[in-house]
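Q: Please take a close look at one residue and its surroundings in this model. Then carry on to other local packing, with the residues involved named throughout.

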Amino acid sequence: MIRRIFILFIILLGVSNSFPQQLKDYNSQKEIIKFELNRKGEIYFRFISNSKDLINQLSLVISIDNVIPYTIGFEVFAYANDEEFENFLSYNIPFEVLTHPSDLFSVRMSDNLNEIRGWDTYPTYDAYVNMMYQFQTNYPNLCKIIDAGNTVQNRKILFAVISDSVNFKKPKPQFMYSSTIHGDETTGYVLMLRLIDTLLSGYGVNPQITNLVKNVEIWINPLANPDGTYYGGNHTVNNARRYNANNKDLNRNYPGPIYVNPPETPIQPETYIMMNLATANRFVMSANFHGGAQVVNYPWDCKYALTADDNWWIYVSRQYADTAHKYSNYNGYMTDLNNGITNGAAWYIIHGGRQDYFNYYQRCRECTIEISATKLLPPSLLPTYWTYNFKSFLNYIQKSLYGLKGIVKDSITGLPVKALVTTVGHDMDNSEIYSDSATGHYVRMIYTGTYTFQFSAPNYITKIFPNIYIKNDSTTILNVLLSPVQTGISKEKNSPELFTLYQNFPNPFNPSTTIKYQLNKETNVRLEVFDLSGKLISRLIDQKQKEGLYEIYFNSSNHNLTTGIYFYRLSTDNYSETRRMILVK
């Protein structure tokens with residue numbers, strides 16, 4: 001059957017001269033397949049299909065990279081490791097092994113930071129790490145480097161956090177850029193390094209940059225898969241590959257709305273790092289930079305159903321692409337698919353992608369931006385692609401300031417409340433968002449219109465606000481006070497008035513912080529610290545204490561803790577209260 005379909009394709013090719021040819025059988029390519037898998041751990045190949053259903057089915061078998069539609073079918077580009085390729089061969093589809101994108105030419109490398117700041121060369125791995133930490137050294141009041149964890153081969157997943165309040169917590173949205181989850185897609189890697197440098201040097205000089213650094217906490221991870229990018233060694237990005245050191249595609253490795261267990265299993269260290277970081281923070285918006293096409297890809301990737309905010313996504317994606325058109329002088333850049341934007345599933349379906357995980361599980365508006373058709377871009381072209389994208393980079397960050405925003409607090413204590421913010425009659429598939437438990441800050445990005453918003457939290461009376469008008473690229477402020485539910489239990493037996501538990505300070509902290517509480521009568525007291533899973537880290541106090549003010553010192557260094565969210569709980573015989581604290585290393 002497959003053979004007959006292929007013969008039909010060959011006949012039809014005579015009708016369309018632009019349709020790709022030169023497909024082969026397995027035996028004629030056996031030696032090169034063996035060579036590539038031994039050398040690289042993956043192969044890069046293409047095949048032809050006239051069935052989108054088959055392509056979507058194959059997406060669970062191999063790592064599909066691009067699908068190009070023609071009048072009479074689709075040209076599909078894909079990667080596979082040894083096991084994945086064996087599974088692909090069972091479909092008996094003719095294919096052609098291609099030269100790996102990182103082997104097409106050699107690129108210039110440098111370990112000199114001043115030379116790298118010409119932004120027309122690729123850094124060695126050691127130079128990359130040094131440059132990141134130099135940002136922190138040069139701008140200690142604006143930049144902090146977060147070592148989020150180690151890869152399979154013990155390279156670093158690093159984030160530059162940029163904010164005018166980088167050393168303390170302010171109620172502002174958290175935003176993230178991340179690049180090169182596929183190790184051979186390197187354009188975004190250098191452009192993100194340059195963006196960090198530009199945001200820091202432009203603060204107080206460029207009005208838009210100054211506004212963003214003041215009002216957004218910006219997290220930038222230039223290199224999400226260093227083991228793939230430096231597969232050829234720390235001195236070169238030549239011989240970079242798509243997969244990580246365990247031959248897994250990290251962008252097929254996340255839980256998703258349909259499959260909790262992703263196609264690429266088990267979950268990799270790099271994936272856990274991103275998942276833990278997202279859980280420890282409350283990113284409201286992000287983007288993940290790729291290469292191999294030129295298009296803004298918005299959710300969902302895993303299913304044809306549209307998100308609740310599809311019109312907002314089209315508006316935001318269109319603005320990114322149109323701005324890139326303007327700054328590339330309309331020379332054909334960022335024009336793939338629908339003139340530079342696409343719904344992910346409409347292009348081709350994937351499962352296990354980071355974009356869907358962030359949107360569904362973390363309620364963070366993330367898209368995938370394919371920034372260059374050439375994966376390993378010649379370094380001389382990097383400044384050109386910076387010009388094409390720089391304004392779009394800034395405008396996309398600025399979107400995190402628009403929509404409905406404010407602070408949710410307890411009406412009695414004035415403390416922040418983690419509240420679920422629901423757009424009534426609109427939300428679905430986890431499009432509701434939460435206010436931040438540490439600051440109470442929230443922002444609900446949404447397309448122009450009039451909406452009803454509901455604020456709810458456990459043990460609080462729900463509040464509903466009808467007829468709230470939202471306009472694109474502007475901000476509507478709504479601060480909310482939620483009233484605690486009266487339980488009817490006597491104050492003497494079960495009431496926070498037995499004690500007052502304060503927010504630890506400093507928070508975030510590294511390595512130590514102070515936990516403060518006031519006892520209003522003598523009582524048995526237990527003060528404990530837990531991690532996100534509920535595991536007990538430390539029991540700081542377990543004794544009877546007299547009325548008075550207490551300050552308890554907690555040092556994370558004594559427990560070998562990593563960056564993340566932790567909880568401290570104060571308990572008496574009849575009452576307990578828990579608060580969140582953040583360790584940032």
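A: Contact here means that heavy atoms lie within 4.5 Å. The model is predicted. Leaving aside neighbours within four places in sequence, Phe45 is in contact with Ile62, with Val76, Phe77, Ala78, Tyr79 and Ala80, with Phe85 and Phe88, and with Phe95, Glu96, Val97 and Leu98. Phe45 itself belongs to strand 1, which covers residues 43–49. Its relative accessible area is 0%. Buried means under 20%, so Phe45 counts as buried.

Thr210 sits in helix 8, residues 207–215. Its side chain comes to 2.8 Å from the backbone oxygen of Asn206. Not counting residues up to four places away in sequence, Thr210 touches Gly202, Tyr203, Gly204 and Val205.

Turning to helix packing, two packed helices are described by the angle between their axes and the distance between the axes. For helix 6 (residues 125–138) and helix 7 (residues 187–202), the angle is about 20° and the axes are 11 Å apart. Angles under 35 degrees count as roughly parallel, and helix 6 and helix 7 are therefore roughly parallel to each other. The crossing of helix 6 past helix 7 is left-handed. Helix 6 contributes Tyr128, Met131, Met132 and Phe135 to the contact, and helix 7 contributes Tyr189, Leu193, Ile196, Asp197 and Leu200. By class, this contact has 8 nonpolar residues, no polar ones and 1 charged residue.

The other pair is helix 11 (residues 310–327) with helix 15 (residues 382–398), whose axes come within 7 Å and cross at roughly 150°. Because angles over 145 degrees count as roughly antiparallel, helix 11 is roughly antiparallel to helix 15. Helix 11 passes helix 15 in a right-handed crossing. On the helix 11 side the contact is made by Trp313, Val316, Gln319, Tyr320, Thr323, Ala324 and Tyr327. On the helix 15 side it is made by Thr387, Tyr388, Asn389, Lys391, Ser392, Phe393, Asn395 and Tyr396. By class, the contact of helix 11 with helix 15 has 8 nonpolar, 6 polar and 1 charged residues.

Conventions
Residues numbered from 1 in each chain as written. Predicted model: local features only at pLDDT ≥ 70, side-chain atom pairs only at ≥ 80, totals over all residues. Heavy atoms only, no water. Helix = DSSP H or I, 4+ residues; strand = E, 2+ residues; numbered from the N terminus. Polar contact = N/O pair within 3.5 Å; in protein donor to acceptor, adjacent residues only side chain to side chain. Axes fitted to C-alpha atoms, helices over the stretch in contact; angles between N-to-C directions. Parallel < 35°, antiparallel > 145°, perpendicular 65-115°, else oblique. Left-handed = near helix turned anticlockwise from the far one by under 90°. Nonpolar A, V, L, I, M, F, W, Y, C, P; charged D, E, K, R; others polar. Buried < 20%, exposed > 50% of the residue type's maximum accessible area, 1.4 Å probe, protein only.
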